[in-house]
Amino acid sequence: MTFWIVISLITLATAGLLSLVLIRGRDSGGPAAAYDLAVYRQQLRDVDKDLARGVLQESDAERIRTEISRRILTADAQMRAAAEGKAQPKTASSIMAALVVVGVSGAVYGLYSTLGAPGYSDLGLQQRIAAAAERAANRPSQAEAEADLPPSPPREVEPGYAELVQQLRDTANARKDDAQGQALLAQHEGNLGNFSAAAQAKANYIRIMSGDVEARDFGELAELQIMAAGGYVSPEAEDALRTALTLDRYDGGARYYWGLMMAQIGRPDIAYEVWSETLAMGPANAPWVTAITAQIEDIAFRAGVDYTPIKPGSAPVPGRDPAISGPSDADIAAAQDMSAEDRAAMIRGMVEGLSDRLATTGGTPQEWAQLIGALSVLQETDRARAIYAEAQKVFADTPDALAPITAAAQSAGLTE
């Protein structure tokens with residue numbers, strides 16, 4: 001209600017100022033003829049002075065007076081006409097002023113009704129997060145997104161290439177369990193711009209390989225699905241990205257598309273966090289670095305972050321950062337000179353850091369196995385068992401990834 005009161009007062013004040021201009025009809029200054037009349041009268045006085053000094057003869061002075069007098073009469077007539085026509089009709093002005101008030105108020109209301117959101121209250125942080133979660137849960141599927149796209153024109157290819165791809169399709173359809181054939185089909189369908197067919201072939205390849213795949217395969221599947229949907233990250237593409245990042249949390253392409261998805265569902269804060277970390281990891285010539293660099297400033301603005309350019313490759317390389325991969329050779333050497341208490345404190349600090357990171361951003365199966373083994377050494381069996389149960393949920397869709405985790409759990413005596 002307060003919003004409408006304020007907007008109404010502003011609108012009425014603006015319309016009222018416009019109406020005053022119409023009603024009062026202020027004069028912007030005297031007519032030009034008034035200035036001319038003053039000049040002509042001064043010229044008459046100058047003629048008399050020149051005649052008295054002998055500069056003019058009487059006949060010339062009379063002729064000049066006559067001409068100036070004629071001009072004075074013309075200017076005087078112009079002044080009277082301007083004075084008579086300056087008054088505005090009060091009735092017409094009042095009607096026009098009322099129309100201005102009604103017109104301005106109606107235009108403002110109509111424009112806000114079309115472009116604004118009447119009755120929509122301000123959203124706090126928790127409400128925006130909830131709205132983003134709801135948007136993510138109810139967004140269109142991959143099939144719906146592809147169906148909404150207009151058909152794209154076929155790509156121009158070398159003569160005969162399309163026929164070769166058709167032969168590959170026929171062969172792949174006849175040999176549905178040929179993983180190599182599906183991989184080739186995904187590659188060449190993508191070359192032709194048939195991203196939906198390429199994504200299907202890539203999914204077939206992953207199915208045939210029965211888990212003997214890498215994070216890159218799931219990242220490629222997600223990318224093909226996203227391209228088939230015109231840049232939209234569908235729930236199906238999200239699943240593929242999640243698996244890719246579970247297998248390799250440093251997959252740059254998957255991280256780029258994960259950030260893009262977060263931006264699309266209304267979480268630019270998470271998108272900026274993911275992209276800034278990915279950009280810092282580099283390498284500078286990676287395609288995802290180029291894509292992130294082109295968009296991250298806008299994402300930072302949407303996230304309310306004062307953006308400072310990030311140099312690609314400025315972060316520690318994954319695999320050499322102790323917080324990521326465990327103690328370095330220098331840490332191990334230093335630990336030899338520590339007391340038992342200090343050594344235990346260092347190990348516990350590394351374990352807690354690994355545990356926090358796996359709980360928030362995930363990690364590789366080897367890192368989950370490492371955490372289970374470390375907790376077992378620290379004799380935190382209950383906690384190790386809880387981590388093992390969580391890992392089984394995380395890698396439920398990739399049974400092969402559970403092999404090192406199960407081995408670590410067996411070594412720790414967590415399985416029967």
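**Two faces of a helix**

On one side of helix 7, E163 and A174 are exposed. The buried residues of this helix are Y161, V165, L168, R169 and A172. They cover an arc of only 105° around the axis, so they sit on the same side of helix 7. The exposed pair, E163 and A174, lies on the other side. Part of the cover over the buried residues comes from helix 8, residues 179-191.

The length of helix 7 can be checked too. It runs over residues 161-174, which makes 14 residues. At 1.5 Å a residue they should span 20 Å, and the end C-alpha atoms are 20 Å apart, so the two values agree.

The protein averages a pLDDT of 80, and 82% of the residues score at least 70. Among the elements, helix 10 (residues 215-228) has the highest mean pLDDT, 94. Helix 15 (residues 322-325) has the lowest, 40. Over residues 317-333 the pLDDT is below 50. Beyond near neighbours in sequence, that stretch has 19 contacts in the model. Where pLDDT is low, the predicted coordinates should not be read in detail.

**The cores**

In soluble globular proteins, nonpolar side chains tend to be buried together. Here the largest nonpolar core has 65 residues. Which of them have the most contacts inside it? They are L241, W275 and I405. Helix 12 (residues 252-264) gives the most to this core, with eight residues.

Take I405 by itself. Not counting residues up to four places away in sequence, I405 touches P365, W368, A369, I372, Y388, A391 and F395. Another core lies apart from the largest one. This other core has eight residues, among them L37, V47, I68 and I72.

**Helix 11**

L241 leads on to helix 11, where it is one of the buried residues. Helix 11 covers residues 235-247, 13 residues in total. From its first C-alpha to its last it reaches 19 Å, close to the 18 Å expected at 1.5 Å a residue.

T243 lies in this helix. Is T243 buried or exposed? Its relative accessibility is 16%, so T243 counts as buried, the cut-off being under 20%. Leaving aside neighbours within four places in sequence, T243 is in contact with F218 and T398.

Note on methods. Residues are numbered from 1 along each chain as its sequence is written. Side-chain values use heavy atoms; hydrogens and water are left out. Helices (H or I, at least four residues) and strands (E, at least two) are DSSP runs, numbered from the N terminus. The expected span of a helix is 1.5 Å times one less than its number of residues. Buried means under 20% relative accessible area, exposed over 50%, partly exposed in between (1.4 Å probe, protein chains only). The arc is that of the directions from the helix axis to the C-beta atoms. Contact means heavy atoms within 4.5 Å. pLDDT is the predictor's confidence in each residue, from 0 to 100. A nonpolar core is a set of buried Ala, Val, Leu, Ile, Met, Phe, Trp, Tyr and Cys residues joined through side-chain atoms within 4.5 Å.
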